[in-house]
Each structure stands twice: as structure tokens, then as C-alpha cells.
Amino acid sequence: MQYYNANTLIYLNGTFVKASTAQTDLYGQSLHYGLAAFEGIRAYKTHNATRIFKAKEHFDRLKRSCELVGIPYNWDNKELIKMTYSLLEKNNLKDAYIRPLIYCEPNMTLVAPDKANIMICAWEWGAYLGEKQLKVCVSPFQRPNPKSTFVEAKISGHYINSILATTDAKKRGFDEALLLDMNENVAEGPGANIFIEKDGKLFTPALGNILAGITRATVIELCKILDIEVVEKTISVDELKNADNAFFCGTAAEIIGIHTIDDTVYRQRWSDSIGYTIQRAYKNLVLEKVNYEVII
Ligand code: PMP
């Protein structure tokens, strides 16, 4: 996958520069210890214009992630959103994935820095987990213990855990991993939250051991509009495997159905599931189609 070419511009500390000539310091604390915060945002070409979906929510989470781990954040999010629209325009991107990254100065100590940098890049990216229902395995890797880090912060170092789980799943012939929390209850995917459907209701792990996904919050909002009951609670592996259906949700993955978990097959057809309804409603929402086109 080529993320940029000779003409691509990125936003770097207040100016637009060529991605191919932009530099970073090899002594940076982020590179050595994983102390950096980032976001994954999507822009959609709607019938109105190109729109960054939930831009404020993403930049607010970026700020909060930095605050939690002590990375100074002195940027104005309104200005950053403006700059991101400008970045899309300069690169002629309409449907795009946007990646802001806050990274630290050269520093070999283990003390949080007093200065940080921002870069924002964007590229065209299809559905991260594809369009087909997924074969998922319960990962041997657990999500980080919330007493070992701030799990609600989107910090680069946390993604070692996601890479280990995804690589293990792919090696074993699965499409994706599902990680449990430190108590062996269902947590989330390496880059997405999970919902399960049982007896006409949705269930999703409560906050505490997971990233508070913006798509997860959007699904909950959509369920309110569509009068679908959602329960946030602890979910055991037994409950997961006895569900009628399940799906992952995330900015990159959007809404994607799960076909199997290990050797358990969800027998209900995806097209009969609540997940399918939510998948269509989500698509309509991000594309700013007024009518959700959903009949339950
Ligand atoms: N969990 C993890 C671990 C993630 O990396 C992501 C992607 N940011 C999500 C959940 C979903 O979050 P969002 O809906 O905000 O993209």
C-alpha cells in the first residue's frame, strides 16, 4: 500500500510540507518508547461536500489522550479541523482516512515531555476489514490492564498489543482477532469495538477496559433513533458464542458483521440482523442522507 507519492502534502507543525521530504528525529521519545497519541478519522464525499465525520469528537479525544499521558497539547482543535479540510483539498482527497499524530521531541528519559509536534496526513483507504462477514478468533492476547495504562487514551504504544493479536489471528487463518480483558470477558477487536445481538437487543462491553470508540457511540445514538435497545455490560465468552449475531464497529472498519468466532457459527443471516440495519443506517449517516432508509 502506497500512502503517499511525490506530490503528497502533510500538515506539520503549522505548515504544509511534502510527505517525501518531511523528517523526524531518530532520537525521539515516541519512536523509542511509543509515547505518541493519534487519531483515525474518515472524510466522506457526501452529496453536500466532503465532510469529516465527527471531526470534533476525534480531535477532542486526541487532546484527551495527550492530557492523560502528559503530552503537552497546545493546539486549538477548531483550527486543526480547518487545517485538515485544507489538507484534503490540497491533496484533492474526497473520501479519505485522516491520521493526526502527536509525537515527542528527542528525549531518552522516561519522563513525559514538555514539548510535542503535530503532523496530519491523509490517504484514500477502503473498508479496513473488507466488506465480507469475518472469521474471528478469541485472541490469546488480552487488552492492557487499565491499571497499567490509560486504556481510554489512543496511544501509539498500545498498538503493539493490537499488532500481536492481529498477526496471531491471520497466521491461524482468521480474518480478525477479538481480545478479552484481564478478567477474560469480551473487550474489543485490535482496532474496533464489538456489539452482539441476542433476542432482538444489542449488547456491548461497558467502558473501563476498552477504547471509547466514536463509532460505538454513534451506534448507540442510532439505536436510540431506531428504537433498538442497547445494553452496556460485562459480556462473557459464553454469551458471545451464544449470541444470535455480532459485529465490529470502528472508523476504519465502519460496521462489519462477524460470521464465526473460533468454531462457533452465527446461524442467523446477516441480512436479518440488527447489525445489518445499523450498517445501512451508519452509511446513510456518514453520507448525510437524511432518510435513514431503515424499516425494522
Ligand atoms: N478500539 C480500538 C482498540 C481502536 O483502535 C479503535 C479505532 N480507533 C476502536 C476501538 C474504534 O474507535 P473509533 O470508533 O473511535 O474509530
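How much area is buried between domain 1 and domain 2, and what share of it do carbon and sulfur atoms give? The structure examined here is a predicted model, in which local features need pLDDT of at least 70 and side-chain atom pairs count only at pLDDT 80 or more, while totals for chains, interfaces and linings use all residues. Residues are numbered from 1 along each chain as its sequence is written, and side-chain values use heavy atoms, with hydrogens and water left out.

The protein chain is divided into domain 1 (9-123) and domain 2 (134-294), with bounds that come from an automatic or database domain assignment. Taken over C-alpha atoms, the centres of the two domains are 25 Å apart. The contact (heavy atoms within 4.5 Å) takes 25 residues from domain 1 and 23 residues from domain 2. The size of an interface is often given as the accessible area lost when the parts come together. Here the buried area is about 2100 Å², and carbon and sulfur atoms give 60% of it; this is the accessible area (1.4 Å probe) that two parts lose on being put together, summed over both.

Side chains of opposite charge can pair when their charged atoms come close. A salt bridge is a side-chain nitrogen of Lys or Arg within 4 Å of a carboxyl oxygen of Asp or Glu. The whole structure holds 16 salt bridges, and 3 are found across the interface of domain 1 and domain 2. In the pair of Glu221 and Lys54, the closest N and O atoms are 2.9 Å apart. Arg42 and Glu254 also form a salt bridge, with 4.0 Å between their closest N and O atoms. This pair links distant parts of the chain, 212 residues apart: Arg42 lies in strand β4 and Glu254 in strand β15 (residues 254-261). Such helices (H or I, at least four residues) and strands (E, at least two) are DSSP runs, numbered from the N terminus.

An oxygen atom of the ligand is 2.4 Å from a polar side-chain atom of Tyr159. For Thr215, a polar side-chain atom lies 2.5 Å from an oxygen atom of the ligand.

Conventions: Polar contact = N/O pair within 3.5 Å; in protein donor to acceptor, adjacent residues only side chain to side chain.
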